[in-house]
Amino acid sequence: MAGSAANLEDVPSVDLMTELLRRMKCSAKPDKRLILVGPPGSGKGTQSPLIKDEYCLCHLATGDMLRAAVAAKTPLGVKAKEAMDKGELVSDDLVVGIIDDALKKPSCQKGFILDGFPRTVVQAQKLDEMLENRGVKVDKVLNFAIDDAILEERITGRWIHPSSGRTYHTKFAPPKVPGVDDVTGEPLIQRKDDTPAVLKSRLDAFHRQTEPVIDYYNKKGIVANLPAEKKPEEVTGVIKKALS
C-alpha cells in the first residue's frame, strides 16, 4: 500500500480532485451489473463507454482481462497461460475467476459492464453462481438486436485508408472517388473481417452461440431488447429508459 501512496504524491492535485469529485458523484448512483450482447457492428462499442461513464461502472472485456492476468502472472493468469500454451481453451471456471478478481477493484465498486461473456448457458450459470456468492446478481442484459441484412450493409460497406486510418462507407460516408482516399488519392482497402463471406460465418456463429444465452436471461425477465439499427443517440435514450 505504501508504494501506491507514494505514487499518489506524484499525481497532480487537479487530477486527484477530479477523481475524488467523480467518486463522490458516483457514490449516489445505484449499483448496476450489466451484460452487453450483440453481433459485430451492432454498436456495442459506441454505447459501452457512455454507459460506463453515466453509471460509474467498470468495463470488463474478458479477452483483455485474460491477457492482462497472463502478463501480470496472477495465479489464475499462470493457469490460463498453461492452457493457452497447450493450445487448449481457457476453462469457464478460470474466466469466471478472473472476472471475480477484477470485481475487487475500486473502479468496479458500483458494478460492471460485461462484454463478450457469457457466450454459453454454462458460462451464464457459472457467472450467476459467482455473483450469488458475492450477494449480487446481473441486473440487465442489453441485447443489441439488429437485422443481419442491416449489419451486412453497415459492415461490408466499410473501406479503410491503411496508412492514415481514415474510414469510409460506400453508402453513409463515401469517398469523393470510389475506392480512393480523399486526401492522398491512394487506394482504399477492405478488412478481411468486413467481407460478406466472413461476416456471414461470424453472424451464424454468433446466433448459434448466443440465442440460448438470451433465452436463459429472458426466463429471468432481465433482457432489454434495443433497436440497434437506430441512430446511436436514439439507442442511448432507450438504454437509459431500460436502466432507470
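1. How many nonpolar, polar and charged residues are in the lining of the largest pocket? The lining has 10 nonpolar, 6 polar and 4 charged residues, where Ala, Val, Leu, Ile, Met, Phe, Trp, Tyr, Cys and Pro count as nonpolar, Asp, Glu, Lys and Arg as charged, and the others, Gly among them, as polar.

2. The model is predicted, with local features needing pLDDT of at least 70 and side-chain atom pairs pLDDT 80 or more, whereas totals for chains, interfaces and linings use all residues. Residues are numbered from 1 along each chain, and side-chain values use heavy atoms, without hydrogens and water.

3. The largest pocket has a volume of about 420 Å³, the space filled by probe spheres set on grid points joined across faces, edges and corners. A pocket is an open set of points on a 1 Å grid over the protein atoms alone, where a 1.4 Å probe fits, with protein on both sides within 12 Å along at least five of seven lines; lining residues have an atom within 4 Å of a point. Of its 20 lining residues, Gly38, Lys44, Gly116, Arg119 and Phe206 are the closest to the centre.

4. Helix H9 (196–219) is one of the elements supplying at least two lining residues, and H9 gives the most, with 5. Helices (H or I, at least four residues) and strands (E, at least two) are DSSP runs, numbered from the N terminus.

5. The largest nonpolar core has 35 residues. Such a core joins buried Ala, Val, Leu, Ile, Met, Phe, Trp, Tyr and Cys residues through side-chain atoms within 4.5 Å, buried being under 20% relative accessible area (1.4 Å probe, protein chains only). H6 gives the most to this core, with 6 residues.

Terms used. Buried means under 20% relative accessible area, exposed over 50%, partly exposed in between (1.4 Å probe, protein chains only).
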